[in-house]
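Have the viewer open and follow along.

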Amino acid sequence: MFPALRPALALLALAFTAACTLAPLPAPPTSNPAPPPAQVQGSTRADFNAVVARMRPVATQVCRERSPHLDCNFIVMLDDRPNQQPNAFHTRDERGRPIISFTESLIRELRSPDEIALIFGHEAAHHIADHIPRIQREARTGALLGGIAAALVGADEATARQIMSATATAGARRYAKPFELEADRIGAVITERGGYDALRGAQVFRRIPDPGNQFLGTHPPNAERLREVENAVARHRAGLPV
Ligand SMILES: [Zn+2]
């Protein structure tokens, strides 16, 4: 590795600390807008707290069963700053303790405790399946290959950094969709074990904008995610491993 390029790798490692976002953004404007839907009751902070109280110990239990080498003591955060996008994510603190964060605006968009539970389970599953270090590894490998390619063509340092950044992103994104689907599967099991209905929770996939099947996009199409949850629930309810 080029000593001069080490700082670039350190920056890349930082860029992947938050593995997942789930953002039901407003639907794009259409030329022929549908009439506004009937007012649907969104969830409240009390609903969120009730779901967390039930789901957190279950997530810890599943974490200890599947990944006993990890810290399974989840920190749950609610971001109630105004003007935050509807969003949820998983990250880890500097000692590896898992953090799950929801914005209050996301909670207001969710229409049942099952939907809150499914998203909570999904975020916990990213930790249990160890996705952050796995994504970081792919990014580092991508950057390394980019660095080698840059050296082979005699690129200057600025160009080499650009190439490494692009190949790091490509390396990380190659696994983004499979990891999202894995988090959907394990998250569905955590949801069901918490006593919630993951199939009802997955109704959220019918409302969030569909990212489509973009090449190197980070999220799979909604229909694929819905199918993943349905298959996982069918296996779990039949007593089969997921
Ligand atoms: Zn995710």
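This is a predicted model: local features need pLDDT of at least 70, side-chain atom pairs count only at pLDDT 80 or more; totals for chains, interfaces and linings use all residues.

What follows goes from the overall layout to helix packing, the core and a few loop residues.

## The overall layout

The protein has nine helices and three strands. Going along the sequence, the order is α-α-β-β-β-α-α-α-α-α-α-α.

Buried residues account for 38% of the 242 residues. As for contacts between residues at least 6 apart in sequence, 75% of them join residues at least 24 apart.

## Helices α5 and α6

Two packed helices are described by the angle between their axes and the distance between the axes. For α5 (residues 131-152) and α6, that angle is about 145° and the axes sit 7 Å apart. The crossing of α5 and α6 is right-handed. By class, the contact between α5 and α6 involves 13 nonpolar, seven polar and two charged residues. On the α5 side, the residues involved include Ile 135, Glu 138, Ala 139, Gly 142, Leu 145 and Gly 146. They meet α6 residues, among them Ala 160, Ile 163, Met 164, Thr 167, Gly 171 and Arg 174.

Helix α6 itself covers residues 157-174, which is 18 residues. From first C-alpha to last, α6 reaches 25 Å, close to the 26 Å expected at 1.5 Å a residue. The buried residues of α6 include Ala 160, Arg 161, Ile 163, Met 164 and Thr 167. An α-helix has 3.6 residues a turn, so residues three or four places apart point the same way. That's handy to keep in mind when you look down the helix.

## Helix α7

Next up is α7 (residues 176-193), with 18 residues. α7 is mostly covered, with 14 of its 18 residues buried.

## The nonpolar core

Which residues touch the most other members of the largest nonpolar core? In this set of 51 residues, they are Ala 59, Ile 116, Phe 120, Ala 124 and Ile 190. Helix α4 (residues 113-128) gives the core its largest share, eight residues. Setting aside neighbours within four places in sequence, Ala 59 is in contact with Phe 74, Gly 121, Ala 124 and Ile 190.

You'll find Val 62 in helix α2 (residues 45-66). Why does Val 62 count as buried? Because it has 21 C-beta neighbours inside 10 Å, and the cut-off for buried is 20 or more. Beyond its neighbours within four places in sequence, Val 62 is in contact with Ile 128, Ile 190 and Arg 193. Val 62 and Ala 124 are 62 residues apart in sequence, yet 9.4 Å apart in space, C-alpha to C-alpha.

## Positive phi values

Most residues other than glycine have a negative phi, and most peptide bonds are trans. Asn 83 has a positive phi, near 70°, without being a glycine. Asn 83 is in the loop between β1 (75-79) and β2 (88-92). Asn 83 is exposed, with 6 other C-beta atoms within 10 Å.

Asp 130 also isn't a glycine, and has a positive phi of about 60°. Asp 130 lies in the loop between α4 and α5 and is partly exposed, with 15 other C-beta atoms within 10 Å.

Technical notes: Residues are numbered from 1 along each chain as its sequence is written. Helices (H or I, at least four residues) and strands (E, at least two) are DSSP runs, numbered from the N terminus. The expected span of a helix is 1.5 Å times one less than its number of residues. A residue is buried if 20 or more other C-beta atoms lie within 10 Å of its own, exposed if 12 or fewer, and partly exposed in between; C-beta atoms are placed from the backbone. Two residues are in contact if their C-beta atoms, placed from the backbone, lie within 7 Å. Axes are lines fitted to C-alpha atoms, for helices over the stretch in contact, and angles run from 0 to 180 degrees between N-to-C directions. A crossing is left-handed if the near helix is turned anticlockwise from the far one by less than a right angle, and right-handed if clockwise. Ala, Val, Leu, Ile, Met, Phe, Trp, Tyr, Cys and Pro count as nonpolar, Asp, Glu, Lys and Arg as charged, and the others, Gly among them, as polar. A nonpolar core is a set of buried Ala, Val, Leu, Ile, Met, Phe, Trp, Tyr and Cys residues joined through C-beta atoms within 7 Å.
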